[in-house]
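Welcome, and thanks for taking a look at this one with us. Below is a short briefing to read alongside the sequence and the model.

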Amino acid sequence: MKRGCLVAFCCTAMVSAPALAQRPLGAATPPPLPDVRKPFRLDPQRTGDRPVPTARPIPRAIPVERPAATPAPPSIPAATPRVVRPTPAPKPAALPEPDEPGTIRVAPSNAPRTADLIQLDIADSLYAKKLYDQAAPEYDRYLNLYPNGADRPAALYRIAECYRRTGSVNAARNAFETLVTQFPNGDFAGPGSYRVAEMYYQDKQYRDALPLFRRASVRLKEPIVANAAKFYTARCMEALGQKFDARLTYEELTGTAENNPYQDASRLSLALLFRESGRTADALKQAQALAAETTNEDLKIEATVRSGLWLLDLEQPAKAEKVLTDAIALPGNPKWREVARVGMLRMQFDAGKYAEVYKAFTETKDEFS
């Protein structure tokens, strides 16, 4: 009986072995994968002689901690091998362009902010919103609390602008003067010099305005404002009797067409200085060029009338008559049409045409002041 049981057991085992061999390998449940999001830690007491796995280093370009809104990476199936792709190296960030004077930039939110920068940020945010009456005391607090702050020139310029825009002229002048005195070579030296020079010029303090306009013309980065500073430099020189230096500055401006809204005014001023010094022919050239090139109606008629009168002085009556006749038909300031009519009367009188003088006056007497 025992022998029969043993035979039956062996037969059963022989039948079951192929069946087991044909069972799919995937039927058995594989052990769960370790959580790849958890940091891998080694226990030096338990490693023994086993090979110690090495944790893959995290590239510096990838943050170690993910924000809460970033979803977790999907799990990797057991039958799929994990492919590790190299992380591309981050491109170096381009250096920012330097700020223009008065420009306010918002700093990155993750940048560490010191107490002085936080105070300056408060003032700058109000300044950017044009809340000048609220920004001024915040800039004043920064200047008082941080007398050696790196952004003191910017704070001085902006508090002066706050005072200027709110009508506190004396406070604005004091702030601008402090800026140009303490920081004569900084980025704000040009704009600050122009602002305080402008205030002096309005008060007709040309001697005080002249060196500041001259400094601004050299240090300002914006071409339009730099040309404005040059123009008012010449104006101050002219008011102070420095006619030769003023003429040289006007000549420089007449040769600058780009970013120069003062070219026409400089050409007219140059013509008048030539005329004042007895150089009528040079004055005529400048007036004729202005009349031909300007798009300003008032300047065009003025330059045309002056050209006609200076042609009379140069004893060229035929050309003068044509120019003055053209000037009478031009639009613009009507006082120059009256001057042109007086020039025509003068020309006829000098020619002995008294009847024509009387007729022309009686026909146009209502147009004379």
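Tyr201 has a relative accessible area of 23%, so it counts as partly exposed, since buried would need a value under 20%. Please keep in mind that this is a predicted model. The mean pLDDT of the protein is 79, with 70% of its residues at 70 or more. Residues 1-99 have a pLDDT below 50, and in the model this stretch makes 18 contacts beyond near neighbours in sequence.

**Aromatic pairs**

- The structure holds 16 aromatic pairs.
- One of them joins Tyr157 and Phe188, a tilted pair with 5.4 Å centre to centre and 45 degrees between the planes.
- Tyr157 sits in helix 4 (residues 152-165) and Phe188 in the loop between helix 5 (169-182) and helix 6, so this pair ties together parts that are 31 residues apart in sequence.
- Both Tyr157 and Phe188 are buried.
- Tyr201 and Tyr232 make an edge-to-face pair, at 5.1 Å centre to centre and 70 degrees between the planes.
- This pair links distant parts of the chain, with Tyr201 in helix 6 and Tyr232 in helix 8 (residues 223-239), 31 residues apart.
- Tyr232 is partly exposed, at 23% relative accessibility.
- Tyr201 and Tyr232 also belong to one aromatic cluster, together with Tyr194, Tyr206, Phe213, Phe231, Tyr250 and Tyr262.

**Nonpolar cores**

- The largest nonpolar core has 62 residues, and Tyr139, Cys162, Phe176, Tyr194 and Tyr250 are those with the most contacts inside it.
- Apart from this core lies another, of 5 residues, including Leu268, Leu290, Ala291 and Leu299.
- Cys162 is in contact with Tyr127, Tyr132, Ala135, Ala136 and Tyr139, leaving aside its neighbours within four places in sequence.

**Ser193 in helix 6**

- Ser193 is found in helix 6, which spans residues 189-202.
- Its relative accessibility is 0%, so Ser193 counts as buried.

**Thr249 in helix 9**

- Thr249 belongs to helix 9, residues 243-254.
- With a relative accessible area of 13%, Thr249 is buried.
- A polar atom of the Thr249 side chain lies 3.1 Å from the backbone oxygen of Asp245.
- Leaving out residues up to four places away in sequence, Thr249 touches Lys230, Ala234 and Met237.

How values were computed:
Residues are numbered from 1 along each chain as its sequence is written. This is a predicted model: local features need pLDDT of at least 70, side-chain atom pairs count only at pLDDT 80 or more; totals for chains, interfaces and linings use all residues. Side-chain values use heavy atoms; hydrogens and water are left out. Helices (H or I, at least four residues) and strands (E, at least two) are DSSP runs, numbered from the N terminus. Buried means under 20% relative accessible area, exposed over 50%, partly exposed in between (1.4 Å probe, protein chains only). A polar contact is a pair of N or O atoms within 3.5 Å; within protein, one must be able to donate a hydrogen and the other to accept it, and residues adjacent in sequence count only if both atoms are side-chain atoms. Contact means heavy atoms within 4.5 Å. pLDDT is the predictor's confidence in each residue, from 0 to 100. A nonpolar core is a set of buried Ala, Val, Leu, Ile, Met, Phe, Trp, Tyr and Cys residues joined through side-chain atoms within 4.5 Å. Rings of Phe, Tyr and Trp (its six-membered ring) pair if their centres lie within 6.5 Å; planes under 30 degrees apart count as stacked, over 60 as edge-to-face and the rest as tilted.
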